[in-house]
Structures are given as C-alpha cells and as structure tokens.
Amino acid sequence: MRVALFATCLVDALFPDAGKATVQLLERLGQTVEFPREQTCCGQMHANSGYFEPKLVRRYVDTFSEYDAIVVPSGSCAGAIRHQHVMIARDAQDETLATRAQATADKTYELSQFLIDVLHTDDVGAYFPHRVTYHPTCHSVRMLKVGDRPLRLLNNVRGIELVTLPGRDECCGFGGTFSIKNPDVSAAMLADKMEAVIQTGAEVLCAGDRSCLMHIGGGLERIRAGVRTLHLAEILASTDGEAAA
Amino acid sequence: MSSGELIWTDEGPAGPNFPKNAESAVADSQLRRNLRKATGVIRERRAGLVAETPDWQELRKAGAAIKDETLRHLDTYLERFERNATQRGARVHWARDATEANKIIGDLINATGQTEVIKVKSMVTQEIGLVNALKRGGITAHETDFAELIVQLSHDRPSHIVVPAIHKNRAEIRRIFLDHLPDAPRDLTDDPHALAEAARLYLRKLFLETEVAVSGANFAIADTGGLLVAESEGNGRMCLTLPKTLISVVGIEKLLPTFKDLEVFLQLLPRSATGERMNPYNSIWTGVSENDGPQSVHIVLLDNGRTKALADHTGRQALRCIRCAACLNVCPVYTRTGGHAYGATYPGPIGAILTPLMVGVEHAPQLPFASSLCGACYEVCPVEIDIPTVLVKLRHDAVEADRHKAQDATFAAAATAMGGRRRWSAALKTTKLMRFVRHGAPPPLSRWTGTRDLPDPPAEPFREWWSKRRNT
C-alpha cells in the first residue's frame, strides 16, 4: 500500500509539529509515508468563502491519484475533499475532473479513520501522562462522521487522564473566514468554548483539526488560560521516550 | 417567474448588514440570556423525543421524499388542490408577490364591510407584511397568538419562527402588557399563568366580536383541497372556527399530495418545532361546511419568490422547509444573535438560505456568510435540507453577484501562491512575519487579533523539515 500524507496548507505553513507527529506515528505503525511535494491546499478556504478553485482540485487530484491511501491530519480538509471537490469540478463543467476527484476522494482518510478503518488499530501504543480534554470538530463529526474513533484512540493512550468537554458538540466559532467576516459572533462562540475547556481543568485541549485549535488556542493564549492545544496526532505520536511538548 | 418581496430586507440595496446587526445583538446580555434559556429548553425536549422515535431517520427521508415529489410536479398538485378546494366551496386566488397578495386580501376584507380582523400566527403573513399593508388601507389586524400579540403590542418584530417573542422574558412581557394591553390589571405579576390570563381576557372579546379571520397554513392537501394549522394555544382554532369569513394565505410549497402524507409530517413537525409528540391543536378544514364554521372561505396561493428558489438546482431543497425552526434552536450563530440580526422574515440557518433564494442573493449577499458551516442545522432538519451545502453555493453566487476588489485580489493571490510548488515554498517563507503582528494585526486581520493571538510562526515549514530528513 502506497501511503501519502496530505499535510494541509495550514499544517505545512504554521503547525509543522502536527505533520511531523503524523509521519512519526504512521512510521511507528510500520507504514512508509510519502510527502508529494506538489501538494498545497485542498481549496476549502476558497470554496467556503465563495471562490470555487477547480485548479486546486486538479492539483490535489494530480498529486495524489496514484496513491492507495491519502492521510489527512484534518477532519475539515478531508471533509472538503470528500464533499466539495466533485461539486467544484461539476460547477466548472469538468466531468473528467469530477470523476477523478471522486476516485481520489474515496481513498482520502482523516487520520483517525485511517488508523481504525484501514490499519485496523485503535491502540497505537502511545504514552501521554497528562490531563486532556477532546473537542470533536464539527466537520469531523458532521461531515466526515468519524464518530468516536478519535476517542477510542485517546482512551487507549497510556497515562492519559481524559476528561469530557461540556457542550462538546457545539461549534467553537472558527468557521474559516467566518472568524474574520463575523468576528463578534465568532468571539461569542469562542468565549463559551474556552469557558468549557477551562472548566475541565485540563492542561491540554486536543482536536483533529489544527484550524479550530488555532482559534481556540489563540483565545486561550490571549487570556493566559494556561491550557495548551495539541493535535490528535501529537498525542498519539507520544511515547515514553518521545513525549510531545 | 417572480422575485420575492420580503419585508425588512429594505435596508438599502446591500440588504441586511448581518455582521453589524450581530455586533449589538451579541453585546445584549439580556437577549443572550433569554435566547440561551429558551432555545436550550426546546433543544433538550426535541433531543429526548427524537431519541425515543426509532424510525426518526426513516421519517426524515420520507418527509424529504414527499416534499421533493411535490416540488417536482408542483404545477399538477397546485391545480389539483385548486380543483378540490373549489369543489368543496372555497375560493382560490393566485398571488405572484406580496403586493398582489395584500391587495387580494384587502379587497376581500373590504367586501365584507369589516375594518377589523383577527389573525392566526403565520410566517407567510409576516413575509408579505400583511398587517402594515392592511393598516394602510384602514383595516386593523389583531394578532391572537400569545407571542405575536406581545410582539405586536410592543411594535417589535418576531425573532423566531415558532417562538416569535423568544427574545423577551416574562418580566419584559409583564411590562409590555402593563404599558400596551387594553384593560391589563394594574397588579399584574410576571407569573406565566397571570400573563396568559390577561391575554385571554383581552383575546376572548376579539374572538367573539370579529367577523373576519386571516391565517396561514402548515400544510395544503392536494387530494382533498384541505388546509391544516398546527398550534399550541387553541387561539388559532378560535380564529378558524368563529368568524364568518376566513382568508388563508398559503405559500405554494406548503402542498402535500395526499391526506395520508400527514402521517409523516405530523410526527416530524411537533417533535422538531416545540418538542412535543403532537401539537395540542391540529385544525383541518376543507372548503365550507354547511352551517358550521366560516361560510366564506378564501385561499390565497402565494409565489413571492418560491418559483425563483425552485429554479435553483442546489437551493430548491429549501422549499421542503416546514418552518419547525429546529435549525434555529441548535444554531450557534442564531442562539447568540437572535432573529433580528438577520434583517429578514426568516432568521437562522434556514433564513440564511431561504431569503437569498427568494429575493435574489444580490439583495441579501451577507446572509449566506452568517454561518460557521458547523452543520448542526442539517443534522436536526426534519426534511434533510443540506443547509451547509446550499450556504456554500449561495456564497459562490454572492461573490459572483457582488464583487469586492480587495477580497477578490486576496483570494486570487492565495490561489496563485498555491498554484505551484515553487510559489508555495516562497510564500511559506513569509509566515515568519506573523511574529510581529500576532498580538495585534492591522485590518482586516485585526478582526482576528481583537480576541485571539495569532500562532507563533514555526522555525521552518513542514516541507523543509521533510526535505532535511530525507537528505540525512
């Protein structure tokens, strides 16, 4: 099985640790991971802002169509690839691209889906002795339907003290450019999410999307809440010898 | 095909300014508390009832399928409805838009010689601005739904589809009654029973004295020509049974092919709308019944932008909507802003798609952006309207219809940078600059840094780490 990593533009540019952790985790599980250098962005930020970019869809398809599985450390980007790429290709009246986009989307997996559905493991042998709360991001739950996969993986982490996040099904208020276009509503949603996180007494807030974590983490940092954010991959990659920061 | 005329979208050519309206709504602590409390109660009740309904997902699918079938052959079902309603003694009128509907209704009321009418709670009469239109023609329309009465007395606007006065708590309602309700007792308390009793005494008189009523309808049944109104108070039934003349305004998407289809919708609607297994009052009337109820029955079938929505391949699913407002109660945006911020008759997620679909996205370009695309609305929708997908489609339409040079340039630049490996690698080098603005950036990024820090940029992007690692 040829496995490729689609790091996502955000992780590539601003959160390389989530990408490194994904690679380390998959290699520890015996996979050889490739990082095709032609990759950039899935185009979700554009599409959700009203700009459909068939060029970015074509780039994704051209870059990844030859692989057996594409792993994405983001529920939101994996969701966009699965649910928007065909729509964008059709809107551009490019049926050939739509067909290829569908085929590539079908073998695109969010990290927890890949671990559980493809590698058939929910215990990745991680060790992480910290109090953690998990925020199920909207697109991972509602668009991709990852269900309890991330929690099953976290529950099997040695040493972890996993606490339930109150009101966890509610959006954090990021929403891509929503956070800029509607800053007041976004901030109001963020305030409630931060309150819930702080209530748990956790030292780490974990999620499968660095984008939502950038928003919640940026708010927590602003108020000096003393809670750090880690991507799911970073916790799953941690072992007794090599713990995530 | 006609465009809709929805009241309150007349805030200028740019349509309602959601971000600006939301700014003051979000800052209103009383409103925030009222909304949180009321939507929370309905949301919990609904969730409990859905959990006890084992075939809920099948019911949703059936509801969507029945509505889709109706919309696909809308012309056939509309004519069938007209034929059957007419045969049973009703007069059917056709209205292209709000102006036509208001004219028809005004003329019908004038023909009775009456100047006062009582009203059943109805969204469609809000949509066409009926009360104000009648007022201009010298006719007073009295709202009889408890919450609509509160809204009307205080010269306010409804802020929710099912619970129009959701933005008011009982202390505020007491104040409104004391100030505006004729004959309200001076020692009125804010006890819900006392408030209801005060309204009841006032409304009873209206029910007994008024000869004309106006209603909407939840469903119009093609194979019988009947209409159905579902409600909680019984005030609607008073209006539907006591007056001599009954005029009902019905959006053309309210049709169901057969009476049997109610089996599905009378399970979906009350659970989704008020969190009840069934509505306390389901009134169904079919034309005129001899010596029983209104002897003059009129039905105004209204387009007002619905055929425009129907022509939109992605958006037409919005016409399945049965106005349950479940999407409002779970929406993280609506529950923080309330309905007024949307500046249109239909608020919340469904309003954010329905309004632009009916009036044209160029007249409401900000509404499709009034969502974080979290998908909670789609999850609860009893007729499976994929609101997030329609929102994204309408955003695309809005960008095409309403060009902003600066925004276009930003996204074009991003797409170009992402269009090639070299360009992208070069662009990644600029992220280091973020260090200087992470606690306070210039506009428009200031909208981020106003409440959040930007991330501390990494020493190197992921792909550089990857290259070095491969080379060692």
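The model is predicted, with local features needing pLDDT of at least 70 and side-chain atom pairs pLDDT 80 or more, while totals for chains, interfaces and linings use all residues. Residues are numbered from 1 along each chain as its sequence is written, and chains are lettered from A in the order in which they are written.

Let's start with chain B, which has 22 helices and ten strands; helices (H or I, at least four residues) and strands (E, at least two) are DSSP runs, numbered from the N terminus.

Chain B meets chain A through 46 of its residues, against 50 from chain A, where contact means C-beta atoms, placed from the backbone, within 7 Å. Helix 18 of chain B gives the most to this side, with five residues. Some of the helices that give two or more residues are listed here:

| Helix of chain B | Residues |
|---|---|
| Helix 1 | 18-26 |
| Helix 18 | 387-401 |
| Helix 19 | 405-417 |
| Helix 22 | 462-471 |

In chain A, four strands form an open parallel sheet in the order 2-1-3-4; strands pair if DSSP finds at least two bridges between them. Strand 2 (33-34) and strand 4 (108-110) of chain A are the edges. Strand 3 (residues 69-72) of chain A joins strand 4 over three bridges, and Val71(A) stands opposite Tyr109(A).

Definitions and conventions. Two residues are in contact if their C-beta atoms, placed from the backbone, lie within 7 Å.
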